Amino acid sequence: MIDSLKKLFGFESNQAEEPASEGPDRTWVATAVLLLEMAHADDGFHELESHLVDRILGGKFDLDTRALKDLRLYAEQRRQESLDLYQFAREINDHFSKKEKLEVMEHLWQIVFADGKIDPYEEALSRQLATLLKLSHKEMIDTKLHVREMSAGQDRGTGEKGAAG
């Protein structure tokens, strides 16, 4: 029981025992968990969001179909088992530059805008994740506006309505 509690609270690390080749990279998992959490933040996980998460992860980490599927399954399991997002944000903070963290924030906003509306839970989660990623409020808002502008530009090109927020 104590071993389970140590593992749960991060006091026990099997990292030294596990070869680096086993399982997906921890930063990949952390990024995938945050993206999946955002995709689930509104009242469901829509097919459009699922495809977007796959496109983002596959492009960012240059993953083939099998590796992407494995990462998604593993990250979804970790997301469901996790009590908070801090551990994932910490992994990103420890290994990503400011520019890379801003890219993650941009990807999060892309998921928010994917369905054309901002859910209040998505907005709240965006603020929480920006704080956890040690990004300023201004950086979060600038990223949001940039993604919204890009989304509106794409929608104009297809004749669809732009996202509001």
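Figure 1. Lys134 is exposed, its relative accessible area being 60%, in a model that is predicted. The cut-off for exposed is over 50% relative accessible area, so Lys134 falls in that class. The residue is found in the loop that joins α7 to α8 (137–158). Although Lys134 is not a glycine, its phi is positive, at about 60°.

**Figure 2. Asp62 in the loop between α3 and α4.** Asp62 sits in the loop between α3 (47–61) and α4 (65–81). Its phi is positive, about 50°, and the residue is not a glycine. The relative accessibility of Asp62 is 70%, and the residue therefore counts as exposed.

Figure 3. Gly58 belongs to helix α3. With a relative accessible area of 16%, Gly58 is buried, because the class takes in values under 20%. Leaving aside residues up to four places away in sequence, Gly58 touches Leu63 and Leu68. Between Gly58 and Leu68 the C-alpha to C-alpha distance is 6.2 Å, with a separation of 10 residues in sequence.

**Figure 4. Packing of helix α6 against helix α7.** Helix α6 spans residues 98–113 and helix α7 spans residues 120–132; their axes come within 11 Å and cross at roughly 175°. The two helices are therefore roughly antiparallel to each other, since angles over 145 degrees are put in that class. On the α6 side, the contact is made by Met105, Leu108, Trp109, Ile111 and Val112, which meet Glu122, Glu123, Ser126, Leu129 and Ala130 of α7. By class, the residues of this contact are seven nonpolar, one polar and two charged.

**Figure 5. Packing of helix α2 against helix α7.** The axis of helix α2 (residues 26–41) comes within 8 Å of the α7 axis, and the two cross at roughly 155°. This angle makes α2 roughly antiparallel to α7. The crossing of α2 past α7 is right-handed. From α2, Leu34, Glu37, Met38 and Ala41 meet Tyr121, Glu122, Leu125, Ser126 and Leu129 of α7. Six nonpolar, one polar and two charged residues form the contact of α2 with α7.

How values were computed. Residues are numbered from 1 along each chain as its sequence is written. This is a predicted model: local features need pLDDT of at least 70, side-chain atom pairs count only at pLDDT 80 or more; totals for chains, interfaces and linings use all residues. Side-chain values use heavy atoms; hydrogens and water are left out. Axes are lines fitted to C-alpha atoms, for helices over the stretch in contact, and angles run from 0 to 180 degrees between N-to-C directions. Helices (H or I, at least four residues) and strands (E, at least two) are DSSP runs, numbered from the N terminus. Angles under 35 degrees count as roughly parallel, over 145 as roughly antiparallel, 65 to 115 as roughly perpendicular and the rest as oblique. Contact means heavy atoms within 4.5 Å. Ala, Val, Leu, Ile, Met, Phe, Trp, Tyr, Cys and Pro count as nonpolar, Asp, Glu, Lys and Arg as charged, and the others, Gly among them, as polar. A crossing is left-handed if the near helix is turned anticlockwise from the far one by less than a right angle, and right-handed if clockwise. Buried means under 20% relative accessible area, exposed over 50%, partly exposed in between (1.4 Å probe, protein chains only).
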